[in-house]
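Please consult the sequence and the model shown here before turning to the notes.

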Amino acid sequence: KYSETELSRAIEHGQMILHYQPQVRMADGEPSGMECLVRWRHPEEGLVYPERFVSLVEDYGLIDALTDRVILLATEQLRSWRQQGIKLPLAINLSMDTLQNPTVVERLQELVEASGLTASDIVWEVTESRIMRDLTATLTALSRLHLKKFAISIDDFGVGHSSLAQLRDLPFAELKIDRSFVHGAYADQVHGAIVEASARMAASLGMICVAEGVESPEDWAFVRKAGCTHAQGWAIARPLPSAAISSWLERWP
Ligand code: G
Ligand code: G
Ligand code: NA
Ligand code: MN
């Protein structure tokens with residue numbers, strides 16, 4: 001739908017913005033991190049969501065430009081939060097296309113260090129369904145990010161093709177169960193079983209387990225009992241503009 005020129009200009013001309021969605025620790029409800037999510041402030045259409053343009057950006061070969069832009073915005077915001085005493089780590093989504101670039105690890109490290117932050121401030125979220133296409137290149141990049149002390153999270157777990165063996169061999173610190181399994185799992189035997197098995201697997205591999213798409217108290221109760229260590233979703237907070245985060249932190253129990 002959108003042309004290459006249009007998307008390229010949008011990235012270069014500052015039309016990409018970030019919203020931030022809090023994550024909490026289930027044991028005590030304490031805020032544990034945030035995920036940044038890109039939105040396109042389209043001059044005519046208003047706010048356009050990533051499902052409508054990220055795969056186009058990948059097809060046009062513009063994903064590195066978008067990723068750089070997102071990291072720049074995210075690290076600037078994180079530095080400002082650090083100055084306000086907000087210490088939460090920030091999760092940034094990485095596309096598979098980005099990971100296949102042989103210089104990706106150095107570029108990511110440079111962008112983070114140039115902003116005055118360190119590896120422990122950032123979690124890279126990699127979408128599982130794309131991870132397995134070029135396992136060797138991905139494994140190399142992920143291992144090198146891990147050696148540089150970045151945390152890596154496997155996103156949308158359950159909708160891709162990973163196996164237990166691949167999970168064990170890749171240096172993931174965190175597993176995020178896809179929201180399509182989480183919301184309503186308490187009333188769906190199959191989805192419920194997938195959430196429980198994923199949480200058990202994460203625990204036995206020493207990984208943090210984040211339930212995405214926690215929309216209701218019933219979702220919360222179910223994923224907590226299933227052993228998910230962390231939660232993200234509308235029951236906790238919607239993705240918010242950066243300015244709304246500090247008031248969310250003040251109001252959150
Ligand atoms: O914000 P929303 O819930 O609509 O995000 C939908 C999907 O878009 C996310 O699951 C994520 O995979 C992708 N996405 C969001 N922000 C980014 C980003 O900055 N970079 C990339 N590559 N994907 C993103
Ligand atoms: O990276 P990923 O595609 O997993 O990003 C999470 C996406 O899920 C974002 O687009 C965000 O807007 C969306 N989201 C976050 N919380 C919820 C929720 O509780 N329910 C639903 N349906 N979507 C959510
Ligand atoms: Na994500
Ligand atoms: Mn996800």
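This is a predicted model: local features need pLDDT of at least 70, side-chain atom pairs count only at pLDDT 80 or more; totals for chains, interfaces and linings use all residues.

Residues are numbered from 1 along each chain as its sequence is written, while chains are lettered from A and ligands numbered from 1 in the order in which they are written. Helices (H or I, at least four residues) and strands (E, at least two) are DSSP runs, numbered from the N terminus.

- Strand β5 (residues 122-127) is largely enclosed by the rest of the structure, because five of its six residues are buried (20 or more other C-beta atoms within 10 Å of the residue's own, with C-beta atoms placed from the backbone; exposed means 12 or fewer, and partly exposed lies in between).
- Strands pair if DSSP finds at least two bridges between them; β5 is joined by five bridges to strand β4 (residues 90-94), and the two run parallel.
- Opposite N93 stands E125 of β5.
- Five bridges also link β5 with strand β6 (residues 151-157), again in parallel, and W124 has I152 of β6 as its bridge partner.

**Packing of helices α5 and α7**

- Two packed helices are described by the angle between their axes and the distance between the axes.
- Helix α5 (residues 104-114) packs against helix α7 (residues 135-147) at about 35 degrees, with axes 9 Å apart (axes are lines fitted to C-alpha atoms over the stretch in contact, and angles run from 0 to 180 degrees between N-to-C directions).
- V104, V105 and L108 of α5 meet A141, R144 and L145 of α7, contact meaning C-beta atoms, placed from the backbone, within 7 Å.
- By class, this contact has five nonpolar, no polar and one charged residues (Ala, Val, Leu, Ile, Met, Phe, Trp, Tyr, Cys and Pro count as nonpolar, Asp, Glu, Lys and Arg as charged, and the others, Gly among them, as polar).

**Ligand surroundings**

- The residues around ligand 1 include Y49, E51, N93, T127 and P239, where a residue is near if its C-beta atom, placed from the backbone, lies within 6 Å.
- The shell of ligand 1 comprises seven nonpolar, three polar and one charged residues.
- Around ligand 2 there are 14 residues, the closest being G213, E215, G233, W234 and P239.
- The shell of ligand 2 comprises four nonpolar, five polar and five charged residues.

**Residue E76**

- E76 belongs to helix α3 (residues 63-83) and counts as partly exposed because it has 14 C-beta neighbours inside 10 Å.
- E76 and S115 are separated by 39 residues in sequence, with their C-alpha atoms 6.8 Å apart in space.

Definitions and conventions: Two residues are in contact if their C-beta atoms, placed from the backbone, lie within 7 Å.
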